[in-house]
Amino acid sequence: MNFIKNRTLLKPINQIQMMIKRFLIPLIITFSIHFSQAQNQVDILIIGGGAGGVSAGIQSARMGVKTHIIEATPWLGGMLTSAGVSAIDGNHEMPSGIWGEFRQKLRDYYGGEKALATGWVSHTLFEPSIGNKILQEMSSDPNLEISFNAKYKDVQKYPTGWLVTYIQKGKTHTIKTKILIDATEIGELLPLVNADFRLGMDSSDDSGEKEAPKTANTIVQDMTFVIILEDISKDNKTNGKKGLVKKPKNYNPDAYKCACKREDGEMFGGVTNCQQMLDYAKLPNNKYMINWPNCGNDFYLNWPELSSEQRQSKLIESKLFTQGFVYYIQNELGFKNLRVAKEFPTKDNFPMIPYDREARRVKGKIFLVVDHLEKPYDFNLYKTGIAVGDYPIDHHHDKNPDAPTIDFINIKIPSYNIPLGSLIPVKTENFLVAEKNISVSNIVNGATRLQPVVLGIGQASGALAAISVLENKKPSEISIRKVQHALLKSKAYLMPFIDVKKNDIGFEAMQRIGATGVIKGYGIPYKWANQTWFYPERIVSESELKNGLLPYYPDLALVPASGAPVTPKYIISLVEKINTKYTRADLKHDWESFKIEQNFDLSTSLNRRSTSILINQLLNPFEVEIDYYGNLK
């Protein structure tokens, strides 16, 4: 009887235990998961620590925003370092923002500008390992956390941001973020976040480019597995075998037989001997970057049509092709003093990643095409500029016989800037791009893909993301002028003015006035370093200044303007139409504080520098808001 009673008493207890197991324990687990995720929350998450990713991270962290980078390798820098492409292409005269800071640290490390000019392809060459070291030092910021050797596994959207799962050292981590930035080398996140994108060659109907093929295709540029060699002849160790490569399977010397000879041309200098070919990308400390396009180690890998496993198999083929080129250099050409350097933390001494010249390209608020670069002042996009470049349109398609024949290098453009709208997807909110995946045409990508340009793109993406977090707005809602202002404060260029240096007292004013179109530059296609000149010392005419100001201040329409030089007296006549309280006496009083180098006199003929400073100080048209097309709001 007592047994029966005890069983009766136990029944509700068992039911309670079952309810705890069924409801309470899962609730505790769920709470624990959410609590754990709350501890792994950042404002900005960047996937990819390459040139664009590290630059974005540095900029956003410096603006006081908690930022996290997930990087698949143990290095920072991507194509600059982890891919071994340590010969900078372009922007030698425009050391904008983080690119300029990085270059100065290279100069400090090696001992000056000339110490970096070791090869004839670039003014700035360095060892990839040193580039990584410097970028890691630049990334030391309490607001910036970096997960190395980490690979993202899953990306999920939730109402106020993104939930990303990644694996590091065998452990799975989850992180929440308000803003997600794709800084991968080939735009890997675009299909995962349902962002519309372009891939391969655009049709002429899509881009409006007369040079584009009639029909679109998925053909991308040749890629390269770079390798670094070092000259050991000074060490008297040339009899050893260390650093000599084995003949790879399917080696064909004919693939490399024209490597030492290239005819002279308007764009391409002639190559007449093998030492000249090798000196193309000679690095400091007697090292050589092997990234040679002419019968060298470029390799066509049609990754858009391949699965992940197929791509990995093709990358092995690419490595073997580069190994074949090194074998050719060491044995057929007789440079056995050049050995494979231990530059990278890899078993095979190859870089950790290949050099991909092209990515999926997001469909952005703005689609930058050749016409915009060729004739920048026919459009207003230049007013929204956030990064600059001067490299010509350079494509690599020699290893793909099916690629349409397009004379890319002879599409002449001046130096250019990149509009902010090319970083912002058309429809995917709280998501930005920061690499070769910006919204440009396939043809334009040939110019915008280069290292200093991508560093600038990343810096702008980081600035936009940071302001978005600080203002608690979507990136698409942020003022373009606020992003540009943040970049100027970081000594970045908005306009590609070759003759407006960062140490110029009027740098910011000339950049701001140039970005309004009040005073325009003069673009010139020029060899491998295109140009846009502002001519700071040139005198400004009354009509030039008035016509530039009219879109911002229609009340100036009735002010007379001749071809005579602008003077302080004329400036006052314009300002009085807009701000009647400002007088000649006020200008005389403020002249010195404006730091204008020309002496004050009401009849002084003002140059473009002085005029820019005065218009920036007295009228400030840069503060007038614009849309993504550069039109006044």
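The following dialogue explains how several terms apply to this predicted model.

Mentor: This is a predicted model, in which local features need pLDDT of at least 70 and side-chain atom pairs count only at pLDDT 80 or more, while totals for chains, interfaces and linings use all residues. Residues are numbered from 1 along each chain as its sequence is written, and side-chain values use heavy atoms, with hydrogens and water left out.

Trainee: Why is α12 called roughly antiparallel to α13?

Mentor: Helices (H or I, at least four residues) and strands (E, at least two) are DSSP runs, numbered from the N terminus. Helix α12 (residues 480-489) and helix α13 (residues 507-516) pack at about 155 degrees, and their axes are 11 Å apart. Axes are lines fitted to C-alpha atoms, for helices over the stretch in contact, and angles run from 0 to 180 degrees between N-to-C directions. Angles under 35 degrees count as roughly parallel, over 145 as roughly antiparallel, 65 to 115 as roughly perpendicular and the rest as oblique. The angle therefore makes α12 roughly antiparallel to α13.

Trainee: Which residues of α12 and α13 meet?

Mentor: Arg481, His485, Leu488 and Lys489 in α12 meet Phe507, Glu508, Gln511, Arg512, Ala515 and Thr516 in α13, where contact means heavy atoms within 4.5 Å.

Trainee: What makes α17 mostly covered?

Mentor: Ten of the eleven residues of α17 are buried. The elements that cover these buried residues include α13, β18 (522-524), α14 (542-549), α15 (568-578) and α16 (584-590).

Trainee: Why is the pair of tyrosine 251 and tyrosine 256 called stacked?

Mentor: Rings of Phe, Tyr and Trp (its six-membered ring) pair if their centres lie within 6.5 Å; planes under 30 degrees apart count as stacked, over 60 as edge-to-face and the rest as tilted. By this rule there are 22 aromatic pairs. In the pair of tyrosine 251 and tyrosine 256, the ring centres are 6.3 Å apart and the planes stand at 25 degrees, so the pair is stacked.

Trainee: What makes the pair of phenylalanine 299 and phenylalanine 321 tilted?

Mentor: Their ring centres are 6.0 Å apart and their planes stand at 50 degrees, so the pair is tilted. This pair links distant parts of the chain, with phenylalanine 299 in strand β12 (residues 298-299) and phenylalanine 321 in helix α8 (residues 308-332), 22 residues apart. Phenylalanine 299 is buried, with a relative accessible area of 12%, and phenylalanine 321 is buried, with 19%.

Conventions: Buried means under 20% relative accessible area, exposed over 50%, partly exposed in between (1.4 Å probe, protein chains only).
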